[in-house]
Amino acid sequence: MANDITKKEYTTDELKEAFIKMYGDGGEVRLYSSPARINIIGEHIDYNGGKVFPASINRYLYIAIRKRNDSKVLYNDMRFPGSFEFDINQTFVYDKANDYANYLNGILQQLKERGCKFDCGFEILMASNIPAGGGISSSSALECGFAYAVIDTFGFKLDRIEIAKLGQMSEHKFMNVMCGIMDQFIIATGKKNYAELLDCNTLEYEYVPLELADYRFVVMNTNKVRKLSDSKYNERRGQCEQALKILLDNGVKIGALCELTPTDWEKYSSLVSDPVLNKRARHCIAENQRVKDAASVLKAGDLIKLGQLLNESHKSLQEDYEVTGIELDTLAHTAQKQQGCLGARMTGAGFGGCAIALVHKDKIDDFIANVQSTYEAAIGYKAGFFVCETGDGVSKLN
């Protein structure tokens, strides 16, 4: 489709050919895929004990891996420059100079701390059709895809939920980003034609058929690159923790903000007198209810109501959680006004990245043209667009 958000689509054949050219022939080259994701609704509540409603989509990071006869670990990527070499026996620590290799080394260190023994090194070549920093979870696709490839290649006995936990703990301990588990979970466990209703407190999850009839999700990329660790993500998380502590200190018996219903919040909101902390908590509690409502209306086939919930979510993220910004607001508000669009919202952590819109398939071309025109006039450069479908979670391809 025109205005795609990636410059080149890599294929697995190209990846394998480039791998052999780079590392030489011989041995078993294994290929794996790891998807991007959209979160249909439920933003910034995965770390507040809330339910989220993501789906893995048909944009993939591909990984080629082969064991070596020595202890070297080699990383290369077809899109991003930089060749990295390590030793599998070393203790891996974060180093800014290692760029994307930090995400991979964080996984290796987590595996080693879990008692996984490597009998040799390996070499990796990756090719991604997921936009970096675009808000559809390129970093989690990298973590979980790499983890799955290494675990499968070396025969470690870890299931998909453990892969999700590995990715999250790598972020926490290695990257110092105190993320929730939603991104890693949907990428590890996602299933084509389904969204997942996930309780981030208990990790209980339910597959919900994603039946959109004549409608499609359009991903709209602001093309403003956002680095999660450099954003205000940790600040927002800290504000939620402060609000929770105030409630606990005043005798409210909960383990997480999202255990409260909107009715509960009416009763307790006056306890959180700081206006900023109050807004943050209000968003989390209302958003959690929207997630439950979205799953219900989707099961009932009520796409109009689903679209209304998307709009309400964006409004809350803009006004109460304050994580949108002019780029995301321009995309979402312009999209909401277009014929054939049932609703639109930012998706991901915000501060740039992507928004999604639920658009009738016959109106997509006009929708993209109109939103693009308004966005470019307001922001000064183009946004990127693509229509997405669901896809499977991390998978072995050969």
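Modeller: Two strands count as paired if DSSP finds at least two bridges between them. Keep that rule in mind for this predicted model.

Colleague: How do you know that strand E4 and E6 pair?

Modeller: Count the bridges. Strand E4 (residues 72–77) and E6 have 5 bridges. The rule asks for at least two, so E4 and E6 qualify. They run in the parallel sense. Val 73 stands opposite Phe 122 in E6.

Colleague: What makes strand E3 a partner of E6?

Modeller: Again, bridges. There are 7 between E3 (residues 54–67) and E6, and at least two are needed, so the pair stands. Here the sense is antiparallel. Lys 67 stands opposite Phe 122 in E6.

Colleague: Which residues of H3 meet H4?

Modeller: Ser 139, Glu 143, Cys 144, Ala 147, Tyr 148 and Ile 151. On the H4 side are Arg 160, Ile 163, Leu 166, Gly 167 and Glu 171. By type, the contact has 6 nonpolar, 2 polar and 3 charged residues.

Colleague: What makes E10 and E12 edge strands?

Modeller: The open sheet has 4 strands, ordered E10-E11-E9-E12, with antiparallel pairing. Strand E10 (341–347) and strand E12 (384–388) each pair on one side only. On average, neighbouring strands are turned by 25° against each other, direction ignored.

Colleague: How do you know that E9 and E11 pair?

Modeller: E9 (residues 215–221) and E11 (residues 354–360) share 7 bridges and run antiparallel. At least two would do, so they pair. Val 219 stands opposite Ile 356 in E11.

Colleague: Which strands does helix H10 lie across?

Modeller: Helix H10 (residues 326–336) lies across E9, E10, E11 and E12, at about 170° to E10. Helix H11 (residues 364–379) also packs on the sheet, touching E9, E10, E11 and E12. Its direction makes about 25° with that of E9.

Note on methods: Residues are numbered from 1 along each chain as its sequence is written. This is a predicted model: local features need pLDDT of at least 70, side-chain atom pairs count only at pLDDT 80 or more; totals for chains, interfaces and linings use all residues. Side-chain values use heavy atoms; hydrogens and water are left out. Contact means heavy atoms within 4.5 Å. Ala, Val, Leu, Ile, Met, Phe, Trp, Tyr, Cys and Pro count as nonpolar, Asp, Glu, Lys and Arg as charged, and the others, Gly among them, as polar. Axes are lines fitted to C-alpha atoms, for helices over the stretch in contact, and angles run from 0 to 180 degrees between N-to-C directions.
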